[in-house]
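Please read them beside the sequence and the model.

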Amino acid sequence: EHRQDLVKCVQSFQAALQADPTNTECLRRLASVYKGAADWYSAINVLLRLAEVETQPRAKIVTLLDLASVYEHGAKDRGNAIRANKKVLELEPTNQEAILRLTDLHEQEHDWNSLAEVTGAYVRLLPADQKTKAAPLHLKMADVFETKLHDDKRAANALGYALELQPDNAQAIERLARLYAKNAESLPQAIDMHRRLLRIDPFRVDSLHEMHRMYERLRQHDKA
């Protein structure tokens, strides 16, 4: 019985669309019916048609986000989900939902360069009064640069950007200290980072031990 009701519902919407193929409300309802029935292929086709006929940018963005979600969670098609979210960014470059979905999708695909590209573009486009939102993204990208792309310089830059926004972020300072400590040339900067950590927490024993080891590596035994 439910199946018959579903068929009748689809048929009525299709009849309405034959009379007016650009009827956006009818397309939206038909897409909703197909999604409810987990008919992802049909839902995608209807949403693609809807995205084509939508004339209002905001409505088109909502449709493309819906399409991206169906691709990702329904059809399990990350490639087309990425393309749909990128279409959103063509219309609205700072759309946070599309960017967050893209960062997750690129991470699932292990496409670290694309992940860096999309987060970098997002951070650049943020208004000045919203820049603090970027701090967690800088921290995430620092990890990607260091552990996935093996680029310590870009990792250090990302941590530096995070500290510009949150100067007392102990996690960023500690990670930057560890990066600087990898090379003898940047040991003085590593020591400075541990001094910053001690200003935040004067009883941080780990920093005292690390500074002692670094002074010994620099042969500055009087400071060790």
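1. R28 touches L50 and E54, leaving aside residues up to four places away in sequence; contact means heavy atoms within 4.5 Å. This is a predicted model, in which local features need pLDDT of at least 70 and side-chain atom pairs count only at pLDDT 80 or more, while totals for chains, interfaces and linings use all residues. Residues are numbered from 1 along each chain as its sequence is written, and side-chain values use heavy atoms, without hydrogens and water.

2. R28 is found in helix α2; helices are DSSP runs of H or I, at least four residues, numbered from the N terminus. With 35% relative accessibility, R28 counts as partly exposed (buried is under 20% relative accessible area, exposed over 50%, partly exposed in between, with a 1.4 Å probe and protein chains only). The C-alpha atoms of R28 and A43 are separated by 9.6 Å.

3. What do the buried residues of α3 pack against? They pack against α2 (24-36) and α4 (57-74). The buried residues of α3 are S42, A43, I44, V46, L47, L50 and A51.

4. Helices α9 (residues 152-165) and α10 (residues 170-180) pack at about 155 degrees, with their axes 10 Å apart. Axes are lines fitted to C-alpha atoms over the stretch in contact, and angles run from 0 to 180 degrees between N-to-C directions. The two helices, α9 and α10, are therefore roughly antiparallel (angles over 145 degrees).

5. In the contact between these helices, D152, A155, A156, L159 and L163 of α9 meet A172, I173, R175, L176 and L179 of α10.

Notes:
Parallel < 35°, antiparallel > 145°, perpendicular 65-115°, else oblique.
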